[in-house]
Amino acid sequence: MKSQVPSQEKGAFARKAEGIYQNESSSSYYARFRHKGQRIMERLGTKDAPCTSLPEAKRLLRDLKNRLDRTDGDARKKTLAHILNEFEFGGKDQEGKEFPPILRGAPKTIAYKKRYLKRIRKDFPLPLHTRVRDIKKSDCRKFLAHFNEATADHYNHVLTLLRDVFAYAVEDKALDDSPTDGIKYRKREDKNKKLFPTWEEFQSIVVSIRSQVYADTAQASADLVQFMGEAGLGQAECAGLRWAHVNFDSEEITLIRQKTTTEFTIPIYSQVRALLNRMDKERGDDRDPEDQVFKVRDPKKALAEACKRLKLPNYSPRSFRRMFIRRCLRDLGWDVQTVALSQGHRDGGQTILKNYAQGTSDHFHALAKKMLYPSTAENIIPLPKEAVA
């Protein structure tokens with residue numbers, strides 16, 4: 001919210017309403033009033049899009065007064081340098097009492113944040129003596145543009161610090177809202193995200209994990225990985241699965257989708273039944289329905305070692321859910337809505353379409369070969385001569 005003194009614009013000012021003046025030369029409106037003993041003179045609208053309508057000017061004046069009520073007159077005078085120094089080193093409040101630095105964290109965290117604060121002081125597009133309330137979102141974007149070529153983590157760290165600095169300014173009532181509002185973090189590129197193991201690779205991984213005879217959790221880890229791939233479920237759903245949720249009579253498994261905490265059921269697939277039957281028999285006579293089905297909650301270590309032994313990509317537990325979904329769509333011919341039900345989705349398959357139903361050139365050519373319609377060229381019926389004419 002940039003302050004503009006009316007006298008800086010050529011032409012006389014005429015009073016149009018309480019606290020509202022119009023420049024007779026440009027027809028743009030300005031606010032002029034006192035707030036908490038301070039004289040306020042500000043442009044209504046922006047320099048590029050000034051307000052030229054009296055009803056709009058009245059609305060903007062109300063908004064301005066509401067914003068001023070959320071700020072402090074003395075704090076509104078603080079500059080960017082002032083806010084940065086208080087954030088990093090601390091300072092004194094209005095009563096003269098000292099307060100510690102706002103910057104917090106482990107020593108390494110503080111060290112890298114101090115480096116970014118130095119970059120703000122050096123590369124921010126506005127001078128450090130600029131009042132913090134005059135800083136716009138576009139100014140923050142210009143500063144962040146220095147990190148466009150950096151990794152997503154690097155960029156996001158800088159944005160987090162910038163958010164923290166202006167959040168402190170809001171708390172200090174130096175401004176009414178943060179200029180970083182609406183600036184989004186960059187999405188991290190997960191190299192494992194698009195990995196889809198083949199069914200054969202998945203089976204090899206399960207065998208490799210199970211074959212580690214000297215590992216105490218080899219059998220349990222293999223059971224979990226096998227179940228995730230054959231049932232198409234995530235690690236979170238499997239971790240909370242109890243034997244009470246497995247109904248061999250109705251051949252259904254009841255699950256809780258962790259992202260939405262909603263309950264859904266899947267059938268006991270034929271490839272899963274043998275695994276669950278064997279695990280159920282191994283429980284012995286002391287069978288508590290509240291016992292967890294899987295003794296291992298996280299198979300990442302066993303999975304990583306198996307992938308390394310087999311010289312396969314570094315598949316994650318999530319990779320097997322993707323494998324299951326793509327196999328259902330492409331190899332088994334399931335429709336998208338049915339696949340969505342298997343995952344506990346309630347969006348009609350939109351998530352499946354967005355993340356898993358992407359086509360590939362090889363798949364496209366394979367489907368094209370299955371088109372068995374007779375060639376149109378071999379079944380052309382000649383048109384009458386008068387039709388051609």
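Buried means under 20% relative accessible area. The model shown in these close-ups is predicted.

**View A. Strand β9 alternates between two faces.** Strand β9 covers residues 262-267. Thr262, Phe264 and Ile266 point to one face and are buried.

**View B. Strands β7, β8 and β9 form an open sheet.** The order is β7-β8-β9, and the pairing is antiparallel. β7 (246-247) and β9 stand at the edges with a single partner strand each, so one side of each has no neighbour in the sheet. Strand β8 (residues 252-257) is joined to β9 by 6 bridges. Within this pair, Ile253 stands opposite Ile266 of β9. Glu252 stands opposite Pro267, also in β9.

**View C. Glu42 and Arg133 form a salt bridge.** Their closest N and O atoms are 3.1 Å apart. Glu42 lies in strand β4 (residues 38-43) and Arg133 in the loop between α3 (107-123) and α4 (137-144), so the pair ties together parts that are 91 residues apart in sequence. Both partners are buried: Glu42 has 2% relative accessibility, and Arg133 has a relative accessible area of 9%. The count of salt bridges in the model comes to 18.

**View D. Asp223 forms a salt bridge with Arg278.** The closest N and O atoms are 2.6 Å apart. Asp223 sits in helix α7 (residues 218-231) and Arg278 in helix α9, so the contact ties together parts 55 residues apart in sequence. Asp223 is buried, at 4% relative accessibility. Arg278 is partly exposed, at 24%. Salt bridges that share partners join Arg210, Asp223, Arg278 and Glu282 into one network.

**View E. Arg242 and Glu290 link two loops.** Arg242 lies in the loop between α8 (235-239) and β7. Glu290 lies in the loop between α9 and α10. The two form a salt bridge, with the closest N and O atoms 4.0 Å apart. This pair ties together parts that are 48 residues apart in sequence. Arg242 is partly exposed, at 29% relative accessibility. Glu290 is partly exposed too, with a relative accessible area of 47%.

**View F. Four aspartates form a negative surface patch.** The members are Asp285, Asp286, Asp288 and Asp291. Asp291 is found in the loop between α9 (270-281) and α10 (300-310). At 32% relative accessibility, Asp291 counts as partly exposed. Patch residues need over 30% relative accessible area and no salt bridge.

Conventions: Residues numbered from 1 in each chain as written. Predicted model: local features only at pLDDT ≥ 70, side-chain atom pairs only at ≥ 80, totals over all residues. Heavy atoms only, no water. Patch = residues over 30% accessible without salt bridge, like charges linked within 9 Å, V, L, I, M, F, W, Y side chains within 5 Å. Areas by Shrake-Rupley, 256 points an atom, 1.4 Å probe, with all protein chains shown as cover. Salt bridge = Lys/Arg side-chain N within 4 Å of Asp/Glu carboxyl O. Lys, Arg positive; Asp, Glu negative; His and termini not counted. Charge placed at Lys NZ, Arg CZ, Asp CG, Glu CD. Helix = DSSP H or I, 4+ residues; strand = E, 2+ residues; numbered from the N terminus. Buried < 20%, exposed > 50% of the residue type's maximum accessible area, 1.4 Å probe, protein only. Pairing = 2+ DSSP bridges.
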